[in-house]
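Hello,

Here is the structure I promised to pass on to you. My notes on it follow just below.

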Amino acid sequence: MEFQKTTVEQFFTPYSIGDFSISADEKKLLFSSNMNGKVNIYGMDLPNYYPYQFSGKDESTSFIQAAPNGDYVLAGFDKDGDENHKIYAIPPEGGIPEQLIDAKDKDKFMFTKLSKDGSRVYYSSSKGNDSYLNSYVYDIETKEERLLHEGRGGPTHLIDVSQDEENSVYVTAYANTYMIGFIKTEEGIKYLTPDIDKVHTVGSITFVKDDEAWFVTNYDSDYSYLAKYDLTTKSFEKVLDFEQESLMMIKFNRHTNMMYLLTQKGVVQNLYYYDLNHDQLEPITAPVTLFSGLVTTRSGVLYVKGTSAAVPTNIFKYENESWEQMTKNKVPGVIPKDMVEPEVITYKSFDDLDIEALLFRAKPDNANGYTIFWPHGGPQYNESKSFRAMFQIFLNRGYNIFCPNFRGSTGYGAEFVKMVEGDWGHGPRLDNVEGIKWLFDEGISSADKLFLVGGSYGGYMALLLHGRHPEYFRAVVDIFGVSNLFTFYNSVPEHWKPLMKRWLGDPVEDKERFEKDSPVTYLDTMTKPMLVIQGAHDPRVVKDESDQIVEKLRNAGREVEYIVLDDEGHGFSKKENEILVYKSMLEFLNEHQ
C-alpha cells in the first residue's frame with residue numbers, strides 16, 4: 001500500500017516531559033507532562049510502562065519528589081506561567097494536590113530536598129526577601145517553618161543539606177558567571193573556593209560526607225571541573241579536570257558511592273561515572289546527546305531524561321551497562337532517520353573569533369529554497385543537538401535552519417560566556433551578521449530567501465537585527481523578545497535585579513549603549529513584515545516589551561501580526577497554544593515567501 005507523505009501535524013504530537021522522580025521502593029516513576037494537553041503529573045507502575053494520570057492541576061511543574069517513606073509526593077506548581085511556584089503535597093497513590101505551606105500569590109518557592117526520614121522540607125523562597133531570597137526548613141508534622149539563612153548581596157539558593165542536617169550549603173549569584181558557594185555550620189560560614197573576590201562559578205553541590213562537599217567550579221580555569229571542600233581540614237581541592245569539556249552537573253549516589261558527571265563541549269554533552277571506591281572515571285555511551293535530568297536509586301540504577309536532534313525528550317534507565325527507554329514519546333509514523341540531523345560548522349566572526357553553529361538542511365524532497373536564521377535565547381545558553389518540534393516542523397515544510405552559538409553561548413569556556421555581559425547588542429549582533437554572510441557566501445541562502453525567527457534573547461536579537469540590518473531578511477518572527485533595554489531592566493523578576501548591572505549594564509551609566517542596543521531605537525528601518533508572539537503572564541520578558549514595539553510599528557503603518565496567549569508565561573506549556581503558535585508561524589512564513 002502507498003501512504004501519504006509525512007504531514008506537519010504529526011510533529012505536533014510529541015509531548016513535553018518535565019521533572020521526574022522514582023519512588024524509594026523503585027516501583028513507581030512519576031513525571032510531569034502535557035500529555036493530555038495541559039501539564040499534569042503522570043505515573044508508571046514499574047515494570048509496567050503504561051502511563052496514567054497521577055495528579056492534576058493543569059499547570060507547569062517545577063519539581064517532583066517522592067517521599068523516602070512513601071507517605072506522599074511533593075510537587076511545585078505555578079499559575080498560568082507566572083513562575084511563582086508553590087509547594088504542594090499529593091497522596092501516595094495520586095489525587096488532588098494540596099498546598100503545603102501558606103504563601104502570598106507573588107511568593108516563589110524553590111525546592112531543595114527532603115530530610116532522609118521525609119519529615120522536613122528544605123527550600124528557598126522569595127517570601128520575606130524578594131531580591132535575595134531566604135532559605136527555610138518546614139516540619140510537616142508540626143507545620144512549623146524555621147529560617148535557615150537570609151540571602152544578602154545576590155539571590156542565594158539553598159543547594160544541599162548534610163545527612164545529619166547540621167550543615168547546609170548555598171550559592172549566591174552575582175551574575176551567571178559569578179556565583180559563590182559556602183557552607184553554613186554552627187561555627188559560621190566557610191567558603192568553598194579560596195578567593196571569593198575572583199569572578200568564577202560554583203554549582204551542583206552535594207554532601208558526599210557530612211563534613212565534605214563536592215561541587216562544580218571554574219575557579220582559576222576557563223572550563224569547569226570537579227572539586228571538593230573538606231570542613232575538617234578547611235581545604236579546597238581539585239578532583240577531576242575534563243580539559244576542553246566543562247563539567248555541568250554531578251549526581252551522587254551515597255548507597256553505591258558512585259557519582260555521575262555531565263559535561264558539555266560545544267553542541268554536545270557527555271556522561272561519565274566516577275567510582276569513588278576505586279577512584280575510577282569511565283565514559284558512558286548514551287542513547288541521547290543532551291541531558292536535562294539525572295536520578296539515582298538505592299539499588300544503583302540511573303535514570304536520565306534526555307533528547308537528541310531527531311529523538312524527542314524521553315526518560316531512560318541505565319542498569320548493568322545497558323539502556324532501556326522508559327517513556328515512548330515520539331513523532332508517530334516517523335523514525336529518526338526520516339528527520340534531520342544538523343551539521344556542525346564553524347565560521348570566523350568580524351574579529352576573527354571562531355563561532356560554532358548548527359545547520360539543519362531540509363531533505364531534498366521537501367526543500368523549498370528558504371532558510372530560517374535562529375539566534376538562540378539566554379543569551380548565556382547554547383543551541384545544541386536537542387529535539388525541537390518547531391525545527392522538525394519547519395524542516396518538513398522545506399526550510400533550512402541555521403543556529404549560531406554566538407559569543408556569550410555556553411559550552412566554549414567561561415571567557416566566551418562572559419563576552420555578552422555588558423554587550424548585548426554589538427559583538428553578538430555582529431557574530432550573527434557574519435553567520436548570515438557565511439550562509440550567503442556558501443550559496444545556502446540569500447537576502448530574498450532568509451527569514452529571521454527568535455525567542456526571548458533570540459527575540460531581542462531578531463528585533464535588533466531587523467532594525468539594524470533589514471536588508472538581509474524577508475520577514476521576522478519575534479517570540480517574547482526584549483524591545484527596550486530601559487524598560488526591560490526595570491521589569492524583570494525581583495531576584496534578577498541584583499544581577500542586572502553585571503549582566504546587562506546600568507541604564508544611567510550606560511545610557512548611550514542602552515539606546516544604541518535597544519531595538520525601539522530603529523523603528524524607522526523595521527520595514528519587513530512581522531509576527532510577534534507573547535505570553536500574557538511572562539515574568540521574564542513582560543508583555544509590555546511586545547506591546548510597545550507592536551504599537552509603535554503599527555502607528556508607523558507597518559505590517560505586524562500580534563498573538564497574545566492569555567494563559568502562558570515564558571513559553572508554551574499547553575499543547576493547544578503550542579500548536580496555535582507553530583501553525584501561525586508556518587502560515588506567516590508561507591504567506592511571505
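Let me start with Arg-361, which is partly exposed at a relative accessible area of 39% (buried is under 20%, exposed over 50% and partly exposed in between, with a 1.4 Å probe and protein chains only). Its salt-bridge partner is Glu-343, with the closest N and O atoms 2.5 Å apart; a salt bridge here is a side-chain nitrogen of Lys or Arg within 4 Å of a carboxyl oxygen of Asp or Glu. Glu-343 sits in strand β29 (residues 343-348) and Arg-361 in the loop between β30 (354-360) and β31 (371-373), so the pair ties together parts 18 residues apart in sequence (strands are DSSP runs of E, at least two residues, numbered from the N terminus). Glu-343 is partly exposed too, at 34% relative accessibility.

A word on the source: this is a predicted model, where local features need pLDDT of at least 70, side-chain atom pairs count only at pLDDT 80 or more, and totals for chains, interfaces and linings use all residues. Residues are numbered from 1 along each chain as its sequence is written, and side-chain values use heavy atoms, leaving out hydrogens and water.

The count comes to 26 salt bridges. Among them, Lys-348 and Asp-354 meet at 2.8 Å, N to O, with Lys-348 partly exposed at 44% and Asp-354 partly exposed at 42%. Lys-501 and Glu-509 pair at 3.2 Å; Lys-501 is partly exposed at 45%, whereas Glu-509 is exposed at 56%. Lys-28, Asp-45 and Glu-93 are linked in a salt-bridge network.

Enjoy looking around!

How values were computed: Helix = DSSP H or I, 4+ residues; strand = E, 2+ residues; numbered from the N terminus.
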